[in-house]
Amino acid sequence: MNKYQIFEGFTQSVFFADSVPLPRFLLEHYHSMGMTNEELVLVLHLLAASAKIDVAELAYRMGLREDDVEGLLAQLQKKRILSVYENQAKTQSFGLQHYDLSGLMDQLFEIWGIMSYRQMHSAAADDGLAGDNEAAAESEDQAMAQLKLSFEQELGRALTHMECDHIRQWVLAGWSSELITLALRRGVSAGVRTFRYLDSILREWEKKGLRTVDEVLEDERYFQNKRSKSRKGEKVSTDKMVALRKEYDDVYL
């Protein structure tokens with residue numbers, strides 16, 4: 001027998017003959033079930049022995065004392081990962097204790113169910129977010145189309161690509177279509193139709209914390225009333241001076 005045949009026999013014996021399937025899910029989640037490394041190894045031995053093995057053999061395979069193995073078995077029972085058949089009728093035919101690992105499967109199933117539920121809800125949330133993004137993009141396109149139409153009507157010409165980008169930046173900055181249109185009309189009324197001037201109007205509103213059309217109109221009314229009162233005060237002051245001069249004309253003469 002050559003060395004290649006020997007190695008083939010070794011691999012066949014070690015990896016394929018009487019191999020114990022190790023569920024990857026168990027390997028990934030045994031810590032979340034509260035199992036220690038030693039408890040996992042013990043469970044693997046029980047799986048390999050089809051859950052029919054005595055404590056002495058387990059202790060020998062794991063290099064532990066029998067008391068230590070019994071302690072691990074007690075902990076696994078406490079964690080509801082396994083149970084031991086106490087009915088001698090079920091174990092007499094084997095002459096060994098029989099360990100039921102259905103608790104392990106129940107807990108793995110529960111973990112799997114929770115993870116599947118979260119994944120489904122996460123996928124649903126992602127779909128909802130994607131839908132929201134699509135709706136937002138559609139809304140933005142509609143706003144841009146309406147703003148472009150308003151600008152071209154007010155300016156009496158088609159907008160350049162750079163001007164469209166400028167308007168899009170205002171939209172992305174959070175300015176509403178109504179406020180952008182109002183700034184445009186204020187610029188047209190003032191006879192200034194440059195985008196730089198509209199920028200200055202929006203920045204001024206931003207400094208004042210004005211983010212809606214109603215707030216802007218209220219601020220303008222306040223400013224007009226204040227200026228109107230100031231002009232009335234100036235007129236009253238001028239009328240008083242005229243009256244005083246008339247009263248004391250003979251003094252000045």
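Predicted model: local features only at pLDDT ≥ 70, side-chain atom pairs only at ≥ 80, totals over all residues.
Helices here are DSSP runs of H or I at least four residues long, numbered from the N terminus.

**Ser150 and Leu184**

Ser150 sits in helix α7, which covers residues 102-155. Leu184, for its part, belongs to helix α9. Setting aside residues up to four places away in sequence, Leu184 touches Ser150, Phe151, Glu154 and Leu155, plus Leu198. Leu184 and Leu155 are 29 residues apart along the chain, yet their C-alpha atoms are separated by 9.2 Å.

Are these two residues buried or exposed? Buried means under 20% relative accessible area. Leu184 comes in at 3%, so it counts as buried. Ser150 has 12%, so it is buried as well.

**A look along α9**

Helix α9 has 13 residues and reaches 18 Å from its first C-alpha to its last, close to the 18 Å expected at 1.5 Å a residue. Its buried residues are Leu179, Ile180, Thr181, Leu182, Ala183, Leu184, Gly187 and Val188. Just past the end of α9, Gly191 takes a positive phi of about 80 degrees.

| Helix pair | Residues | Angle | Axes apart |
|---|---|---|---|
| α9 and α10 | 177-189 and 195-208 | about 125 degrees | 9 Å |
| α4 and α5 | 55-62 and 66-78 | about 105 degrees | 8 Å |

Take α9 and α10 to begin with. Their angle of about 125 degrees makes α9 oblique to α10. The crossing of α9 past α10 is right-handed. Which residues of α9 meet α10? On the α9 side they are Leu179, Leu182, Ala183, Leu184, Arg186 and Gly187, and they meet Tyr197, Leu198, Ile201, Leu202 and Trp205 of α10. By class, that contact has nine nonpolar residues, one polar and one charged. Leu184 turns up in this contact, and Leu198 of α10 is also among the residues that Leu184 touches.

Now for α4 and α5. Angles of 65 to 115 degrees count as roughly perpendicular. At about 105 degrees, α4 is therefore roughly perpendicular to α5. From α4, the contact uses Val55, Ala56, Leu58, Ala59 and Met62, while α5 brings Glu66, Val69, Glu70, Leu72 and Leu73. Sorted by class, there are eight nonpolar, no polar and two charged residues in the contact of α4 with α5.

Methods: Residues numbered from 1 in each chain as written. Heavy atoms only, no water. Axes fitted to C-alpha atoms, helices over the stretch in contact; angles between N-to-C directions. Helix = DSSP H or I, 4+ residues; strand = E, 2+ residues; numbered from the N terminus. Parallel < 35°, antiparallel > 145°, perpendicular 65-115°, else oblique. Left-handed = near helix turned anticlockwise from the far one by under 90°. Contact = heavy atoms within 4.5 Å. Nonpolar A, V, L, I, M, F, W, Y, C, P; charged D, E, K, R; others polar. Expected span 1.5 Å × (residues − 1). Buried < 20%, exposed > 50% of the residue type's maximum accessible area, 1.4 Å probe, protein only.
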